[in-house]
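Hello,

Here is the structure I promised to pass on to you. Have a look at it first, and then read on for what turned up in it.

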Amino acid sequence: MTILPNAAQTLLRDIDTINPVMPFLRQERIPHIWCPSCGIGTTVNCFTRALTESGMDLDQIAIVSGIGCTGRVAGYMNLDSFHTTHGRAIPFATGLKLANPKLKVVVYSGDGDLTAIGGNHFMHAARRNMDLMVVCVNNFTYGMTGGQVAPTTPIGAKQTTMPFGNYEQPLNLPFLADACGAVYVARWTVFHVRQLAKAMQEGLKKKGFVFIEALSPCPTLYSRRNKRGDGIDELKNYKQNSIVKHGADTKEVALTFDGKIVVGKFVDRERPTWLDAMNDHFTQTLGSKYSTYEG
Ligand SMILES: Cc1ncc(C[n+]2csc(CCOP(=O)(O)OP(=O)(O)O)c2C)c(N)n1
Ligand code: SF4
Ligand SMILES: [Mg+2]
């Protein structure tokens with residue numbers, strides 16, 4: 001055990017008592033890898049608030065990430081957490097959920113991980129209404145690997161692999177999730193901390209495929225390359241350009257490089273989950289020969 005000077009010991013003890021995020025983090029993994037003014041930590045703060053407010057038993061919650069700067073979240077959270085391979089957080093989480101349906105399984109990953117290499121898994125989990133809460137930190141880039149173009153990069157934005165500006169049509173993630181059948185779809189930014197925490201709290205309670213997009217700055221690789229300032233400048237941009245529009249048609253919420261940002265809860269509906277549909281189907285077709293699967 002490291003013997004700390006008294007002042008440092010007092011500081012650590014005080015941080016433990018005054019900072020409500022601390023108990024949710026694996027202290028032995030701190031300091032984290034994130035750059036100054038990166039937004040991922042803010043989303044984690046919102047998530048810990050949602051966990052606290054939900055009053056849920058933390059032993060019944062598991063978190064799964066893929067690879068990327070956002071993918072590190074699972075490793076830092078003091079929950080049952082799984083840092084899986086790139087693009088495979090959703091299938092891993094699906095297996096976890098189906099093996100133990102009583103668990104609340106949260107997928108927490110980046111836009112590249114979930115919607116580029118993991119795009120097919122995303123679509124099919126939403127289509128099947130797999131009971132997962134998916135939090136996508138969308139920073140419009142592949143942060144961890146050096147700022148390559150992602151399926152979320154707005155047209156015109158410069159990236160290491162698009163030095164003269166992106167010309168590929170980006171995905172509108174809420175529309176994709178909605179069209180595939182997600183039962184809850186919301187978008188907030190890291191400026192909207194209360195709303196983001198509330199969406200996460202609602203998502204934890206909702207049954208079925210929940211999709212929460214959290215727009216978040218990557219000052220090191222996206223903002224700087226595009227001369228958008230640092231994380232604080234991006235927060236000002238989120239503040240000035242966001243329009244709250246609950247129930248907005250998701251077709252209308254596509255993002256552009258410097259346009260308005262529609263945020264809000266867009267979808268909240270009910271649909272049988274994959275497991276409920278399977279149990280209903282086999283009960284109807286096989287009758288008493290079938291025992292309901294509960295894990
Ligand atoms: C199979 C595979 N392909 C590529 C990579 C390299 N890789 C690691 S993270 C990443 C992109 C991460 O982008 P995103 O998911 O948006 O996360 P961010 O770092 O922006 O939070 C890539 C391409 C990998 N680890 N594994
Ligand atoms: S590279 Fe970007 S996304 Fe990754 S930690 Fe740094 S600021 Fe955050
Ligand atoms: Mg990203």
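Helices (H or I, at least four residues) and strands (E, at least two) are DSSP runs, numbered from the N terminus.

On the α4 side the contact is made by Ile 90, Pro 91 and Thr 94, and on the α6 side by His 121, Phe 122 and Ala 125. Two residues are in contact if their C-beta atoms, placed from the backbone, lie within 7 Å. By class, this contact has 4 nonpolar, 2 polar and no charged residues. Ala, Val, Leu, Ile, Met, Phe, Trp, Tyr, Cys and Pro count as nonpolar, Asp, Glu, Lys and Arg as charged, and the others, Gly among them, as polar.

A word on the model before going further: it is a predicted one, in which local features need pLDDT of at least 70 and side-chain atom pairs count only at pLDDT 80 or more, while totals for chains, interfaces and linings use all residues. Residues are numbered from 1 along each chain as its sequence is written, and chains are lettered from A and ligands numbered from 1 in the order in which they are written.

Which residues of α6 are buried? They are His 121, Phe 122, Ala 125 and Ala 126. These residues cover an arc of only 125° around the axis, so they sit on the same side of α6. The arc is that of the directions from the helix axis to the C-beta atoms. Buried means that 20 or more other C-beta atoms lie within 10 Å of a residue's own; exposed means 12 or fewer, and partly exposed is in between. The cover over the buried residues of α6 includes α4, α5 and α7 (173-180).

In α7, the buried residues are Leu 173, Pro 174, Ala 177 and Asp 178. Their arc is only 130° around the axis, which puts them on the same side of α7. Among the elements that cover them are α5, α6, β4 (133-138) and β8 (261-268). After α7 comes Gly 181, with a positive phi near 115°.

**Two ligands**

Around ligand 1 there are 19 residues, of which Gly 68, Gly 110, Gly 112, Asp 113 and Gly 143 come nearest. A residue is near a molecule if its C-beta atom, placed from the backbone, lies within 6 Å of it. β3 (104-110) and α5 (111-117) are the elements that give two or more residues to this shell, and α5 gives the most, with 4 residues. By class, the shell around ligand 1 divides into 7 nonpolar, 10 polar and 2 charged residues.

The residues around ligand 2 include Trp 34, Cys 35, Cys 38, Cys 69, Gly 143 and Cys 218. Helix α9 (residues 219-223) gives the most to this shell, with 3 residues. The shell around ligand 2 has 9 nonpolar, 3 polar and no charged residues.

**Backbone details to look at**

Most residues other than glycine have a negative phi, and most peptide bonds are trans. Where does this model depart from that? Asn 129 has a positive phi near 55°. Asn 129 lies in the loop between α6 and β4 and counts as buried because it has 22 C-beta neighbours inside 10 Å. Phe 140 also has a positive phi, near 65°. It is in the loop between β4 and α7, and its 28 C-beta neighbours inside 10 Å make Phe 140 buried. Finally, a cis peptide bond joins Ile 30 and Pro 31, with omega about 10°, and Pro 31 is found in the loop between α1 (6-18) and α2 (40-54).
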